[in-house]
Amino acid sequence: MSATLFSPFELGPLKLENRIIISPMCQYSAVDGSASAWHRTHIGNLSLSGASLMLLEATAVEAAGRITPNCLGLYSDANEQALAGVLDEVRQFSDMPIGIQLSHAGRKASSTPPWLGGSMLTAENGGWRTHAPSTLPHSDNETLPLELDRAGMARIREGFVASARRAERLNLAAVELHFAHGYLLHQFLSPLANQRGDEYGGSLENRMRFPLEIFDAVRDVWPATKPLGVRVSATDWVDGGWDLEQTVELARRLKERGCDWIDVSTGGLSPHQKIPLAPHYQIPFARAVREATGMKTIGVGLINDAAAADKVIRDGDADLIALARAVLWDPRWPWHAAAALGATIKAAPQYWRCEPRGANRVFEGASFGQR
Ligand SMILES: Cc1cc2nc3c(=O)[nH]c(=O)nc-3n(C[C@H](O)[C@H](O)[C@H](O)COP(=O)(O)O)c2cc1C
């Protein structure tokens, strides 16, 4: 029998209860990189959703790697302590495994939050000069980034290592490295952003070098008993840019190095991208990577419908699905999917009594009585 959305799965050494993952979602609500009361509410809320793993938002490995001044970081003792406080509370009522996405925004750093327009933040308004593989801006009219030199690259690599060590001290269950959405490591991969003349630019081999060095450095310090994955953009959606063929080659290299999953997204590198948005539009990329490499894959993007999500797993298009907008809209999406598909799911006992008539025994082990 083929697997279903509610069948268990092993992500490397991590046992997952079902195939639903909460996709990383920036909250732009940190203070100097430190988690705030918003994170208590947000992470607490989603930790009750019944998904099998939550990946925390893109978390910067150095202050200059934050997308906005309000982005989460894991580059200081204060950042680590603040997140420890949030996680200690959440873990009192949820045993959902929580992982984290580690990131550096490169030339897409120093922006305003989306609800303030998401444009480049000038120095007068609290912004900073960004770094990138080459002195090419993300969009025309933006201040040029500075080209990263070897010292800068070594500093960023150490930032990833130090943040991974902090993630381990926080007892996080998994780390995902952000190679997607036009941020620094995607900038190294894509010929549209990387026009370096040294051994980190030019050929595919050279463009993959820095991201793979970062992967190796993190793999060295992140325990072998915990999974380490990578999120990629499988295409830039621009002719002459990063594409599926190169993604497959990257995935092969990552597999050899002990990468436990590939989370297959697309786009984000160029304002010239032309994306054919439609339900499940990125799933064929996940399937192609899975077929070509045999890697465990996460499919993501415009997944809303439970039966259609179940079909992704049944058809072997991906091993897992990640939800972002659908689970913000309906934080009990996994409960409702379980009800629709006739499956059971774990829920906090405080909520067991909410099951409506007709939704028969969705909650695992639920029973209650009253005088
Ligand atoms: C509010 C919000 C914040 C996001 N932040 C991140 C992020 O931190 N890292 C990331 O890789 N993707 C991020 N994304 C992209 C999602 O993880 C996901 O890939 C994308 O939204 C497509 O899935 P969806 O159709 O289920 O929303 C974000 C999306 C949303 C809506």
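A nitrogen atom of the ligand lies 2.8 Å from an N or O atom in the side chain of Gln101, a polar contact being a pair of N or O atoms within 3.5 Å. The model is predicted, so local features need pLDDT of at least 70 and side-chain atom pairs count only at pLDDT 80 or more, while totals for chains, interfaces and linings use all residues. Residues are numbered from 1 along each chain as its sequence is written, and side-chain values use heavy atoms, leaving out hydrogens and water.

The shell around the ligand comprises eight nonpolar, five polar and three charged residues.

The search of the whole structure also finds two cavities of 30 Å³ or more; on a 1 Å grid over the protein atoms alone, a cavity is a set of points where a 1.4 Å probe fits but cannot get out, and lining residues have an atom within 4 Å of a point. The largest cavity holds about 80 Å³ of space, and its lining includes His39, His42, Met54 and Glu57. Elements giving two or more residues to this lining are α1 (37-46) and β4 (53-60).

The second largest cavity holds about 40 Å³. Among its lining residues are Ala58, Thr59 and Ala60, and β4 gives the most to that lining, with three residues.

Conventions: A polar contact is a pair of N or O atoms within 3.5 Å; within protein, one must be able to donate a hydrogen and the other to accept it, and residues adjacent in sequence count only if both atoms are side-chain atoms. Ala, Val, Leu, Ile, Met, Phe, Trp, Tyr, Cys and Pro count as nonpolar, Asp, Glu, Lys and Arg as charged, and the others, Gly among them, as polar. On a 1 Å grid over the protein atoms alone, a cavity is a set of points where a 1.4 Å probe fits but cannot get out, and a pocket is an open set with protein on both sides within 12 Å along at least five of seven lines; lining residues have an atom within 4 Å of a point. Grid points are joined across faces, edges and corners, and a volume is the space filled by probe spheres set on the points. Helices (H or I, at least four residues) and strands (E, at least two) are DSSP runs, numbered from the N terminus.
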